[in-house]
Amino acid sequence: MCAPIAAGSLWYVVTRQECSVAFHNVITRVFVIFFSVGLVSSVVFNFWVTDYLEEKGYMHCEKRITGPSMKKYVKYEYLCR
């Protein structure tokens, strides 16, 4: 992972001392936890929004939008252009 290495490098630039292995382990754990929580929450949020919009009567346009994962939801099919 690059982020813990960058945090250790920043520590060195600020204090002019090398980081201990324990510090790197803590930083690595923090970044792994944040990454895991972010990944899980984004997947859960995606499913929640999709279900919520479909419950409200919105439909997914089948045409491809500008981005690979972007979806367009509309209330009426004629709005899918």
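Reply: A residue counts as buried under 20% relative accessible area, as exposed over 50%, and as partly exposed in between. Tyr52, at 40% relative accessibility, is therefore partly exposed. The model is predicted; the mean pLDDT of the protein is 79, and 77% of its residues reach 70 or more.

Tyr52 belongs to helix H2, as does Trp48, four residues away, or about one turn of the helix. An α-helix has 3.6 residues a turn, so residues three or four places apart point the same way. Helix H2 comprises residues 21-55, and its 35 residues reach 51 Å from the first C-alpha to the last, close to the 51 Å expected at 1.5 Å a residue. Among the elements of the protein, H2 has the highest mean pLDDT (89), whereas helix H1 (residues 2-15) has the lowest (65). Just after H2, Gly57 adopts a positive phi of about 100°.

With ring centres required to lie within 6.5 Å, the count is three aromatic pairs. The Trp48 and Tyr52 rings are stacked because their planes lie at 20°, with centres 5.4 Å apart, and planes under 30 degrees apart count as stacked. Another stacked pair joins Tyr76 and Tyr78, at 5.9 Å centre to centre and 15° between the planes. Of these residues, Tyr76 is partly exposed at a relative accessible area of 48%, while Tyr78, at 59%, counts as exposed.

Conventions
Residues are numbered from 1 along each chain as its sequence is written. This is a predicted model: local features need pLDDT of at least 70, side-chain atom pairs count only at pLDDT 80 or more; totals for chains, interfaces and linings use all residues. Side-chain values use heavy atoms; hydrogens and water are left out. Helices (H or I, at least four residues) and strands (E, at least two) are DSSP runs, numbered from the N terminus. The expected span of a helix is 1.5 Å times one less than its number of residues. pLDDT is the predictor's confidence in each residue, from 0 to 100. Rings of Phe, Tyr and Trp (its six-membered ring) pair if their centres lie within 6.5 Å; planes under 30 degrees apart count as stacked, over 60 as edge-to-face and the rest as tilted. Buried means under 20% relative accessible area, exposed over 50%, partly exposed in between (1.4 Å probe, protein chains only).
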